[in-house]
Amino acid sequence: MRKIAPSILSSNFAKLAEEIAAVEDAGADMVHVDVMDGRFVPNLTIGPPIIGSIRKVTDLPLDVHLMIEAPERSLDQYIEAGCDFITVHVEASTHLHRTVQAVKEGGCKAGVSLNPATPLSMLDDIMEDIDLLLIMTVNPGFGGQAFIKTMFPKITGARRLIDSRNPGVLLEVDGGVTVDNIGAIADAGADILVAGSSIFHSPDYAVTIGRMRERLRAVV
Ligand code: DX5
Ligand code: ZN
């Protein structure tokens, strides 16, 4: 079954526990946490202490997206904080294989992410080692940007790559996902749909997630 992962980047950070409880009640499958360092991306968000606090208020899997330079330097803190999935950017980790192994040795699922302009060929020598592949469909750094439509062939290409090389890998799509395009994105092969502003800026989270779920059900 395809999964919906609300990104708390667009939530009210002053009421984080309530916001997470609200999406949990509304039917979210996991919580997507965007970590930004002000270097890899021009924005700064949250780090391990807040993730540790989030861990205590939800049983949903924590899907942590590290948009930080040299993630290997602080990996232990993210593992310790209680992440389920830790995703690093291929553009940000020089020794990617070592980083992925360290995530797995820490007992977490290991994801790698590609920016919109980074080709799938960057995955050639890491496909057998990962648990999740995150395709960015906006340039990372901010919520509320429009889905880059030219990413559709990349999603279908990623699906083919996974099916041929390592079928257990989950394909996640992040950026500009809405009720209107979620069906087409799932149809292209995505397993996990991240949605920030389209959920947290909507008046009723349950209605929005329900509509998304309906669109996903329509995809074979
Ligand atoms: C962007 C983040 C996304 C972001 C998505 O850098 O990685 O997870 O929260 O937000 P929306 O869904 O509003 O594009
Ligand atoms: Zn993200």
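Biologist: Let's start with strand E7: how many of its 5 residues are buried?
Modeller: In this predicted model, E7 takes in residues 170–174. The strand is mostly covered, and the number of its 5 residues that are buried is 4.

Biologist: And Asp174, is that residue buried or exposed?
Modeller: Asp174 belongs to E7. Its relative accessibility comes to 8%. The cut-off for burial is under 20%, so with 8% Asp174 counts as buried.

Biologist: Which residue stands opposite Asp174 in E7?
Modeller: Strand E6 (residues 132–136) runs parallel to E7, and 5 bridges join the two. The residue standing opposite Asp174 is Met136.

Biologist: Is His32 buried or exposed?
Modeller: The relative accessibility of His32 is 0%. Burial needs a value under 20%, so His32 counts as buried.

Biologist: Which residue in E3 is the bridge partner of His32?
Modeller: E2 and E3 pair in the parallel sense, and 6 bridges hold that pairing. In E3, the partner of His32 is Asp63.

Biologist: Leu62, Val64 and Leu66 point one way from E3; which residues point the other way?
Modeller: Side chains in a regular strand alternate between the two faces of the sheet. E3 is mostly covered, with 6 of its 6 residues buried. Those pointing the other way are Asp63, His65 and Met67.

Biologist: Which residues are closest to the centre of the largest pocket?
Modeller: A probe the size of a water molecule, rolled over the atoms, shows where empty space is left. The largest pocket holds about 240 Å³ of space. Of its 25 lining residues, the closest to the centre are Phe142, Gly143, Asp174, Gly175 and Gly176.

Biologist: How many charged residues are in the lining of the largest pocket?
Modeller: E2, E3, strand E8 (192–195) and helix H7 (197–200) each give two or more residues to this lining. By class there are 10 nonpolar and 13 polar residues, and the number of charged ones is 2.

Biologist: What is the phi of Ala70?
Modeller: Ala70 lies in the loop between E3 and helix H3 (75–81), and it is buried at 12% relative accessible area. The phi of Ala70 is positive, in a residue other than glycine, with a value near 45 degrees.

Biologist: Last one: how far apart are the C-alpha atoms of Phe152 and Glu214?
Modeller: Phe152 is in helix H5 (residues 152–165) and is partly exposed, at 25%. Phe152 and Glu214 are 62 residues apart along the chain, and their C-alpha atoms are separated by 21 Å.

Note on methods
Residues numbered from 1 in each chain as written. Chains lettered and ligands numbered in written order. Predicted model: local features only at pLDDT ≥ 70, side-chain atom pairs only at ≥ 80, totals over all residues. Heavy atoms only, no water. Buried < 20%, exposed > 50% of the residue type's maximum accessible area, 1.4 Å probe, protein only. 1 Å grid on protein atoms, 1.4 Å probe; cavity = no way out; pocket = protein on both sides within 12 Å on 5 of 7 lines; lining within 4 Å. Points joined across faces, edges and corners; volume = space filled by probe spheres on them. Nonpolar A, V, L, I, M, F, W, Y, C, P; charged D, E, K, R; others polar. Pairing = 2+ DSSP bridges.
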